[in-house]
Amino acid sequence: MYPLNYVEPVFRPPSEWKSLILQVTNGCSWNNCTFCDMYTDKTKKFKAKKIDLIEQEIRSIATSGLSVGRVFLADGDAMMLPFNRLKKILELIKLHLPQVTRVSSYCLPRNLKNKTIEQLIELKALGLKLMYVGCESGDDEVLTLIDKGETYQSSLIALQKIKKSGMKSSVMILNGLGGPELSKQHALNSAKLMNEAQPDYLSTLVVSFPLGEERFAKKFVELGRQTLRQPFRQLNQRELFVEMEILLTELTLKKTIFRSDHASNYLVLKGVLGQDKQVLLKQIKAAINKPESSPIRQEWQRGL
Ligand SMILES: C[S@@+](CC[C@H](N)C(=O)[O-])C[C@H]1O[C@@H](n2cnc3c(N)ncnc32)[C@H](O)[C@@H]1O
Ligand code: SF4
């Protein structure tokens, strides 16, 4: 029997598929982003897990014989835990699972506000090496509309703090997040944020609404961006590609691993930016101008 008791559903970044998912918190303490339904279940009300229980789980993994090389701290914003609690968790991982080479976590920019660079350096020395930051956009208007509770500036400060501590950052930007009206400024300001922050990894996902877009669209109406008569409209495939073309054109990244291969994307794009910028732009232009001869995913092949 698997030695961990998860409160389902549990989410993790696609690249953590081989990692041990250690649930040190349940849900997301913010849980307000209007596009995100991941932790809206009754069972996912935010709660930090007791340290005794975390230790018990780490010990049972250690004695289970499971091979664990990497650990991902779940759920949605484990980094909201105070420094001392994170330190304790990392020490327990080091003690009982000494073979672990990397610990990672989702991280909201505000999670780092009360943590000093010195504290982050200490956490890094204990194995915490990678932060997944859902910036979603670099445009303040879009960030307000989605109720992210972050801004261009707060996101930049957090990404710079991560860099200074020697940890790596992996940023998520959501394609289509501003709808047609804000598409261009969303792409331009997201590129600007990435250029200033120079993250180690950047991935783009297409915003999707498996439970319906009502909650998301309501905010656009409330803030006067759309009317009830003419509510928010999702970008069509071509518009999504055009937004990606603007983003890619504007990006001046020096050495960032770029992935647009999540199941939500219509077109898989992968490369290292800046060296592969022209190749990726060629692929996106081809998808815009000659979709019939581009490797575009069918609707049934997509998912969140
Ligand atoms: C499980 S969430 C946790 C992220 C973390 N709390 C943060 O905000 O940085 C991981 C990411 O999934 C993506 N995501 C969530 N809901 C989505 C949706 N409806 N469509 C597309 N991507 C979504 C967002 O990029 C989000 O940052
Ligand atoms: S995107 Fe992140 S911060 Fe926003 S509600 Fe989802 S898990 Fe919480």
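**Exercise 1. In which loop is D75 found?**

Step 1. D75 is in the loop between β4 (70-74) and α2 (83-96). Helices (H or I, at least four residues) and strands (E, at least two) are DSSP runs, numbered from the N terminus.

Step 2. Check the bond before it. The A74 to D75 peptide bond is cis, with omega near 10°.

Before going on, note the conventions. This is a predicted model, where local features need pLDDT of at least 70, side-chain atom pairs count only at pLDDT 80 or more, and totals for chains, interfaces and linings use all residues. Residues are numbered from 1 along each chain as its sequence is written, chains are lettered from A and ligands numbered from 1 in the order in which they are written, and side-chain values use heavy atoms, leaving out hydrogens and water.

**Exercise 2. Describe the overall build of the chain.**

Step 1. Count the elements. There are 9 helices and 10 strands in the chain.

Step 2. Along its principal axes, the C-alpha trace spans about 55 × 45 × 40 Å.

**Exercise 3. Work out how the protein holds ligand 1.**

Step 1. List the neighbours. Ligand 1 is surrounded by 19 residues (a heavy atom within 4 Å). The closest are G76, G134, E136, K148 and S208.

Step 2. Look at polar contacts (pairs of N or O atoms within 3.5 Å). A backbone N or O atom of G134 is 2.7 Å from an oxygen atom of ligand 1. A polar side-chain atom of E136 lies 2.6 Å from an oxygen atom of ligand 1. A polar backbone atom of S208 is 2.7 Å from a nitrogen atom of ligand 1.

Step 3. Name the elements. β6 (128-136), β7 (168-175) and β8 (201-206) each give two or more residues to the shell around ligand 1. The largest share, 3 residues, comes from β6.

**Exercise 4. Which residues surround ligand 2?**

Step 1. Read along the chain. The residues are C28, W30, N31, N32, C33, F35, C36, Y39, L108 and K148.

Step 2. Link back. N31, the residue with positive phi, is among those around ligand 2.

How values were computed:
Polar contact = N/O pair within 3.5 Å; in protein donor to acceptor, adjacent residues only side chain to side chain.
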